[in-house]
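Colleague: I am new to reading models like this one. Could you take me through a few features?

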Amino acid sequence: MTVYTALGVSSDANPSLHTIQWSEDGQVLIVTRSAIYILTPDIGISFDAGSTLTALPDEKDVTSNAGPPLGWFRTLIGLEKGVEHIWGLESQEYSTLVLGTLENMWRAACWSPTNLSTEGCCLLAALNTNLELSIWETSLNHLKGAWVKLQDITAMLKTNELNKLRARLPAGEEQSVELGAKEIMHTQIQSFTWSKQVNYTTNSKMILDGSLLAIGTRSGRVGLLRYDQQTKSMVTIHVLYLGEHWVTHLAWSDWRMTEPDKCEAILACAFPTGRIRRVAVRQSLVLTKTTQDTPIPLYEQALTTSILPGESPSISDGKSITSMSWISVPDRRPLLVHTKPGMVFIWSLEHGLQCIELKRQVTCSGSNSLLPPCGLIYLKERDCIILALQDSSVHVIYSVSSLPTLVPTADDKDILSLPLSQLVRSTDSLTINKKLRSDDMFRCSGMVPFDSLGTVMWFSEHWRPHDFDYKPESKRKNTLVVKQLWNDVQDESKVLGFLTKVEELLRGESSDSACAVRTVLFGLRSPTILEGAKEKLLELLAAPPSSATPLRSVSEDNQVMELDRIPMGIRTSFREGVQHSLAHSEGLDQLRIKYNIALSCFRLSKDGRFEGRAEDLLKTISQITLRTILDALSEVHSYLQDADRAFKKRIFRQYALSVGSSDERSSLDVEMRSDSNSVGDGLASKSGEDGVGERCPACQDDILPGGVTHAECQKGHRWMRCSVTSLLLATTKTRTCIGCSRKALAPVAEEDPRCGEYGWVVKEILDANVVMGACNAPGRMI
C-alpha cells in the first residue's frame, strides 16, 4: 500500500485523541510541546503551489499509481515567552499550585467551527501547561501566515471573578478585593472543547453562531462561552457547578433538532474518580421585535441546561479516564466511548454500559495494552472502532452500536487488529535509517482518518525505552505519516467505490462535508481512478440549464437618502442577508463542489472536456450570485444612493448577458425598463451613455458586453472581473481564491476613498463575501 507523506517535525508530543485534529476549512493541527503546527494539504489548492513541503520515505513503498506527491502548506503558533499568570504569587494554597508554571509548554488545542474569524476561517483555542487558555485567529494568509492572539480567556475569567467579589462589597472597598483559592481554581482550566455549529431550520437570513466553547476548571465548574464577532472576544453564556473535583475531560455530541427552531446536544464531563456526568444543553431561537430599521426578522438564542438523571455512563472506581469521545451512529442516538488503562467502555441509551478488555498486540518487546489511546476512528459502514494506543498498536472493536466485541465477522477479515498493527510498524520503520530491532518502539501521539476510503494519518516517534537514554527537546523528531491501511482492492472496485463517494457528496449525504470533499479530490490524484471514472464524472459534472426568473417588484421611490441617515440596522441586515443566501444555498453549494471537482480533473488530466464543464458551471454560479445580489438590492431599494443604483444597473446588465436565450434576455429587458427607479434604461443603451456603464480604466473606451471572468474594451485592453461583484479589477487591493485562483476585491474600509466611489452596497457585499469563492475550495480567499 502507498505511503503518501512521511514529513519530519522536530518536536515532541503527548499522546491524546486531540493531538491531531481536522478543521472544517481542511486544515490539520498538530499539538507538540513547543509549537502548534497548522498544516494544509495541497488538495484542490492552486495558489502558491511552489511553497509546499513534500516528504516521502526512500523505500519502494511509493508506487507509480499514487499520483503526484502530497504537498503541505505549513505555519505554526509558537510558545509565548514566560507565563501570564504565576499562580504561586496569587495564592499560597496547595490546591492552586500548577507544576506547568516552571516549564511552559503547549498542552492541548481545538478548532472552532468555520466562518468565525475575521477572514471567515476557524478560530483556535489553545491551552498551555500553566492552565492558561487563549483564542487565536489567522492573519491575511491562513496557509502560511502568522496567527495572532485574540484573547486571554484566563484573564477574562479572573476579571469576572473580581467583579463578582466587588459587587458584594460596600462602596469604597472595591479596590481592595483579591481572589481567594476558590476563585483562583475557578479560572484554572483543565479541559475544553468546542461544539459544532447549529443548523437551524428557520427561514431567517441572520447569520447565527450557535457553537459553544465548554471549559472545565479545577473547582468542578463548567463554563459555556460563545464568540462575539463584534468585539472579537469570548463571552460567558452559562456556568454549571458539577462538584468539587477537577473536570478532566469534556466531549460534545452533535446537535440534534428536537423542533424546527430548537436543538439539543449532550456535554459529557469526566472527573478523576472515573465518574462521568451528562449535561443536556438546549438552544432555541426567540424572535425579537422587528423594527423598520431591520427589514429581516431578528432572532436571539436562548440557552438552558440540565443534568441528566439515570444510569451513569461510567464506573466510579477511582481509575482515571484516559480519553472520552462521542460517536454519531446513523439513525440512532450517539454512543459515548471512554477508556481507562486496558479497558474500553461504550455507553448507549439502548444497551447501557458495555466493557471491553483490550488484548496486547505483540509487535515488539515493549507492546502494552495499558498505554493511553492516541486515536479513535469510527467506520460507520462497518460499524467498528479503530483504537490506536501510544505503542502504535491498533485495536479493532466490531459491532459497536449493538454488542461490541473484539471477534471479527466474516465481512471484516480485511481489517484485523494484529495485521493493522504490523502494517503501522512496518511503515514507521521506513522513516528511520537504522536496522529495526525487537526492542524498537514507535511512540504514536495521534491518529486520525485522512479520507473515508481507508487512508489514515498518524504522528509517531522512534524510541528505544530499554536504553534509558535521554534526548533533549531539540533532538526529538516525530514523523507525520499518511498511508492507506485498508480497502486495498482491485482497480475496478476502486473506481466504483470512488464514484459512489462522488455521488454521495453531490447528493449531500455526507455527515462530514469537509472529509467528503477531501476524499474525492484526493482520489482524483490516482491516475487509475481518474482514467477509469472519467466518462462517468463528465456525466455527473454537467451544469443544470440556466433560466431567468422574474425580478422582485420594488416601490415607486425616486428619493435618495443621505448616507449618514441610513440606519445601521439596514446595512447589517443587508450584509447578513447576502451572506446567508450565498452560504446556505444547497443548489449553489452543489454547483461549487462540481466546479471544484471539474477544475481538479482538468488540472490532473488536461482533458479539455473538463475545462468545458468548469466554464459552464462557472457561468451558472455567476448567474445565481448576481441574481441573489439583485434580490437583496430590491429589498433595500429605498436606501440606495446614486452610486448604489448605478451598481445595480451594472449587475442587472451582467445578469441579463449571462442568460442563454435571446427570448429570456428580451423578457429581462422589459422588466429592466419597467423598473425605472432602479435601473433606468434597458439593455439596449450603450455602455457609457447613461453614466453608469463600464469604461476601460486605461483608455476610457467602452467595455464590450459579455464575459463572466474577463472584460475587454474596443482597443483590446483586457481586465479581470471581481468574482463577487463583477466589477473590473483595476486595483491591487484584491483577494485570490486558493481553489479556483479567481480574484475578488478586498473589503473596503469606511475611510477608503473607494467607499464613496462604490457606494455602501458594494462595501457590505464585499464584507459579506470574505469566504465566498466560485468553487468550494478547502480554504478561503487570501
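Modeller: Start with two helices. The crossing of H10 and H11 is left-handed, meaning that the near helix is turned anticlockwise from the far one by less than a right angle (clockwise would be right-handed). Helices here are DSSP runs of H or I with at least four residues, strands are E runs of at least two, and both are numbered from the N terminus.

Colleague: How is such a pair described?

Modeller: Two packed helices are described by the angle between their axes and the distance between the axes. Helix H10 (residues 608-635) and helix H11 (residues 642-658) pack at about 145°, with axes 9 Å apart. Axes are lines fitted to C-alpha atoms over the stretch in contact, and angles run from 0 to 180 degrees between N-to-C directions.

Colleague: Which residues in H10 meet H11?

Modeller: Among them are Leu626, Ile629 and Leu630 in H10, which meet H11 residues including Phe647, Ile651 and Tyr655. Contact means heavy atoms within 4.5 Å.

Colleague: How far can I trust the model?

Modeller: This is a predicted model: local features need pLDDT of at least 70, side-chain atom pairs count only at 80 or more, and totals for chains, interfaces and linings use all residues. Residues are numbered from 1 along each chain as its sequence is written, and side-chain values use heavy atoms, without hydrogens and water. pLDDT is the predictor's confidence in each residue, from 0 to 100. The protein's mean is 84, and 86% of its residues reach 70 or more. Where pLDDT is low, the predicted coordinates should not be read in detail. Over residues 676-692 pLDDT stays under 50.

Colleague: What is the overall make-up?

Modeller: The protein has 14 helices and 32 strands.
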